[in-house]
Amino acid sequence: MTVRAGAQTLVDDVTLEVRPGAFLGLLGPNGAGKSTLLRTIYRMIPPDAGVVRLNGEDAWRRSSAWVAQHVGAVIQDMPAEFPLTVRDVVAMGRSAHKALLEPDTPHDTALIDAAIALQQLGAFQHRAFRTLSGGERQRALLARALVQQPQILVLDEPTNHLDIRYQLSLLRFVREIGVTVIAALHDLNLAAMFCDRLCLMDRGRVVALGTPEDVLTPARLGDVYGVHATIQRHPRTDTVWVLPG
Amino acid sequence: MVHWLSGGWLVTPDWREAHEIIIVQTRIPRVILAGVVGAGLGVSGMVIQAIVRNPLAGPSILGVSSGAATGAVIVMRFGLVALGAFTLHIAAFLGGLAALSIVFWIARTGGQMTPTRLVLAGIAMSAVLSAVTSLLVLTSPDPQLAARVLFWTLGGFGSAQWRLLPIPVIALIIGLAIMLVQARRLNLLMAGDESAVALGLDVERFRRGMFVLTAALTGITVAVSGVIGFVGLIMPHIVRLLVGADHRRALPAVALLGASFTIAADLVARSIIAPLELPVGIVTALVGGPFFIWLLRRDARSLGVVK
């Protein structure tokens, strides 16, 4: 797949396959094309060449609503202009599953309640979304993606705004609910800890694709990020552990 | 009323025929028109605020009102009567539609129709049209024209008659019905364009459709009543404070509140200095403006002005 914007090539001839239930982490410096790649999946930016296949179907030949029934996205797009409650925001996730004029069924209400409870938002579900902290907003947006009942979760920098406790609990949570996850991440150690496979990108191209052990090597991190790094194993989890310097 | 509805059977008239004519021929259609216009402005305002994702937008932001005013002033200035008794209304509607088409065209040139482009195009269009209107008035040989134009642009329901009602009533019913059917999607617009796409909405197309719908409704409203300010801006805010931002609840509520407010404002407008009438736009702005300022000062956050 290739995505261009004017004369610039944002994603340059990238081929990626994610198996159902796997957790793929996209790594790379700012501007590497991670977000652009994700945007082609939730149907925000069309690829200039190539296709996005979901369950074997071309996502760009189906409707936005069809894609939203299969893909839930957590992106950095915070509604702040209107006094929406947290529950209003979460309930929006059901929209793609509803016919026009169809009211919320007990099934919808149950899904919304469950997502709110899972993300520990019960106490402020009737508060205005914009009065929440960054971390609380992030959890509300994850709850919104969950009520879409997606097969694939797309996460763009999901651990931004989160303290370390919620970073860990969010990534652990999405890994354990059994959906396919594609996440753009900045934190190499968190990526190594939770992802089955990593894709390291630089200037629109895939530099390395494989297990954390394969991808995170001192030479590659030197090439892509321009930093010296020592690679060790985490003493307790035995995952790859990147020490800058 | 009972007498009238029962065909004269239930209640024996004990009033003069003149009173009956005034009530049946003038007062009742006037109240209906005020209600329809208030409801139309309220729902248009609410939908436009969602389309341009800006709580400070109102129906006039798209240039429809100033276009309608220009159309009306052309008719008054040159004394056109080509289209019969409703020439003024038709010209106002066409003026609004023309202004809107241009705004639409500007906002779409060179790519996507974003909220910011829409608002900027509307503001630029309004500025140009206001200048044209002023020019037409100032160069007119008729010294009374300025007063008549001012009176018209401030809005009123003095021209209400039964035969003027069908078009605005039908427009309101159809417009509100479509908006209610699309209420879930309107909610998605409030989440931001990228989120709305991710949640399954074809944002470009939907925004275009809603833009045309609200513009037509605003155009018809302005054509029958002149430019009535503040109803379309303020009513949506009050309703969101009362019932929340979910359009499935907020749209019917803003229709009711807009209608009630405008009917009340019209009552004040025609009785406060009776037998003279104030343009109803003065009343709505005099009540609405300070109320809006009070809202802003009391709770800037709820209006989205402060993040």
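Two residues are said to be in contact if their C-beta atoms, placed from the backbone, lie within 7 Å. The legends below describe close-up views of a predicted model.

**View 1. Val240(A) and the residues around it.** Leaving aside residues up to four places away in sequence, Val240(A) touches Ala192(A), Pro212(A), Glu213(A), Leu216(A), Ile231(A) and Arg233(A). Val240(A) has its place in strand 12 of chain A, which covers residues 240-244, and, because 22 other C-beta atoms lie within 10 Å, Val240(A) is buried. From C-alpha to C-alpha, Val240(A) and Val11(A) are 27 Å apart in space, while in sequence 229 residues separate them.

**View 2. The largest nonpolar core and Tyr42(A).** The largest nonpolar core has 164 residues, and the members that touch the most other members are Tyr42(A), Val90(A), Ala72(B) and Val254(B). Helix 2 of chain B (residues 17-51) provides the largest share of this core, with twelve residues. Not counting residues up to four places away in sequence, Tyr42(A) touches Val67(A), Val71(A), Ala73(A) and Val154(A), and also Val197(B) and Ala198(B).

**View 3. The contact between chain A and chain B.** This contact takes 27 residues from chain A and 25 residues from chain B. On the side of chain A that touches chain B, helix 2 (64-70) and helix 3 (86-91) of chain A each supply at least two residues, and the largest share, four residues, comes from helix 2 of chain A. Sorted by class, the side of chain A that touches chain B has 17 nonpolar, four polar and six charged residues.

**View 4. Helix 3 and helix 4 of chain B.** Helix 3 (residues 64-78) and helix 4 (residues 87-108) of chain B pack with their axes 6 Å apart and at an angle of about 140 degrees, and the two helices of chain B are therefore oblique to each other. The crossing in which helix 3 of chain B passes helix 4 of chain B is right-handed. Among the residues that meet here are Val64(B), Ala68(B), Ala72(B) and Val75(B) from helix 3 of chain B, and Leu88(B), Phe93(B), Leu94(B) and Leu100(B) from helix 4 of chain B. The residues of this contact of helix 3 with helix 4 of chain B comprise 13 nonpolar, seven polar and no charged.

**View 5. Helix 2 and helix 11 of chain B.** Helix 2 of chain B packs against helix 11 of chain B (residues 231-243) at an angle of about 75 degrees, with the axes 7 Å apart, so that the two helices of chain B are roughly perpendicular to each other. The contact includes Gly38(B), Leu41(B), Met46(B) and Gln49(B) of helix 2 of chain B, together with Val231(B), Leu233(B), Met235(B) and Pro236(B) of helix 11 of chain B. By class, the residues of the contact of helix 2 with helix 11 of chain B divide into six nonpolar, six polar and no charged.

View 6. Gln120(A), a residue other than glycine, has a positive phi near 55 degrees, and Gln120(A) lies in the loop between helix 4 (106-118) and helix 5 (134-147) of chain A. Because 13 other C-beta atoms lie within 10 Å, Gln120(A) is partly exposed. Arg53(B), which is not a glycine either, has a positive phi of about 45 degrees, and Arg53(B) lies in the loop between helix 2 and helix 3 of chain B. With 24 C-beta neighbours inside 10 Å, Arg53(B) counts as buried.

Key. Residues numbered from 1 in each chain as written. Chains lettered and ligands numbered in written order. Predicted model: local features only at pLDDT ≥ 70, side-chain atom pairs only at ≥ 80, totals over all residues. Axes fitted to C-alpha atoms, helices over the stretch in contact; angles between N-to-C directions. Parallel < 35°, antiparallel > 145°, perpendicular 65-115°, else oblique. Left-handed = near helix turned anticlockwise from the far one by under 90°. Nonpolar A, V, L, I, M, F, W, Y, C, P; charged D, E, K, R; others polar. Buried ≥ 20, exposed ≤ 12 C-beta atoms within 10 Å, placed from the backbone. Core = buried A, V, L, I, M, F, W, Y, C linked by C-beta atoms within 7 Å.
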